[in-house]
Amino acid sequence: MKAETKHLVRERANYRCEYCGLRQQHEPLVKFHVEHIIAQFHGGLSELSNLALACFNCNVYKGTNLAGIDPDSNQLERLFNPRTDDWQESFEHLGARIVGKTAIGRTTVWLLEMNSDERVELRQELLDAGEQL
Ligand SMILES: [Zn+2]
């Protein structure tokens with residue numbers, strides 16, 4: 001992938017993870033990854049319409065997954081797509097936790113382990129420091 005393309009993705013995302021919303025400045029030691037929404041493994045292209053910025057944790061847990069099981073309904077559901085889905089419609093913050101508002105949101109929160117202890121702790125520290133999530 002061209003450096004210029006990666007730069008465009010980072011700027012478009014305003015240097016925030018497009019899944020959990022974490023800002024790059026709050027995880028300075030691990031550079032956020034420009035990831036394929038539809039993984040290359042599944043034929044996804046390295047085009048801006050298929051790229052998103054993801055923090056280390058979201059990127060690792062998402063892997064090549066395109067879908068998961070909605071923990072409420074036990075139904076197969078696709079994952080959140082930062083290019084075509086609206087974050088505010090899919091997720092909300094409940095204190096330091098991220099809650100899915102839709103089946104897509106719930107599935108993505110669960111699969112990407114957005115509410116693991118360490119991630120909730122980091123968000124709580126940011127909130128305590130007066131930061132906006
Ligand atoms: Zn993230």
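Me: Why is C17 called buried?
Reply: Buried means a relative accessible area under 20%, whereas exposed means over 50% and partly exposed lies in between, with a 1.4 Å probe and protein chains only. C17 has a relative accessible area of 3%, which is under 20%, and therefore C17 counts as buried. This is a predicted model, in which local features need pLDDT of at least 70 and side-chain atom pairs count only at pLDDT 80 or more, while totals for chains, interfaces and linings use all residues. Residues are numbered from 1 along each chain as its sequence is written, and side-chain values use heavy atoms, with hydrogens and water left out.

Me: What makes C17 a donor of the zinc ion?
Reply: Donors are N, O and S atoms within 2.8 Å of the metal (3.2 Å for Na, K and Ca), and sites may look incomplete because water is not among the atoms. The SG atoms of C17, C20, C55 and C58 lie 2.3 to 2.4 Å from the zinc ion, so each of them falls within 2.8 Å and counts as a donor. Along the sequence these donor residues follow the spacing C-x2-C-x34-C-x2-C. Helices (H or I, at least four residues) and strands (E, at least two) are DSSP runs, numbered from the N terminus. C58 has a relative accessible area of 1%, and therefore C58 is buried.

Me: Why is the site of the zinc ion called tetrahedral?
Reply: Four donors count as tetrahedral if all angles lie between 85 and 135 degrees. The angles among the four donor atoms of the zinc ion are 104 to 115°, so they lie between those limits and the site is tetrahedral. Ideal angles for four tetrahedral donors are 109.5 degrees.

Me: How do you know that Y19 and F80 form an aromatic pair, and of what kind?
Reply: Rings of Phe, Tyr and Trp (its six-membered ring) pair if their centres lie within 6.5 Å, and planes under 30 degrees apart count as stacked, over 60 as edge-to-face and the rest as tilted. For Y19 and F80 the centres are 6.2 Å apart and the planes make 80°, so the two rings pair and count as edge-to-face. Y19 lies in the loop between helix 1 and strand 1, while F80 lies in the loop between strand 4 and helix 3, 61 residues apart. Y19 and F80 are both buried.

Me: What makes the pair of W87 and F91 tilted?
Reply: W87 and F91 have 5.1 Å centre to centre and 40° between the planes, which means that they pair but are neither stacked nor edge-to-face. W87 is buried because its relative accessible area is 18%, and F91 is buried at 1%. Together with Y19 and F80, they form one aromatic cluster.

Me: Which residues have the most contacts inside the largest nonpolar core?
Reply: A nonpolar core is a set of buried Ala, Val, Leu, Ile, Met, Phe, Trp, Tyr and Cys residues joined through side-chain atoms within 4.5 Å. The largest one has 26 residues, and C17, Y19, C20, C58 and M114 have the most contacts inside it. Strand 2 (51-54) gives the most to this core, with four residues.

Technical notes:
Tetrahedral: all angles 85-135°; square planar, octahedral: opposite > 155°, others 65-115°.
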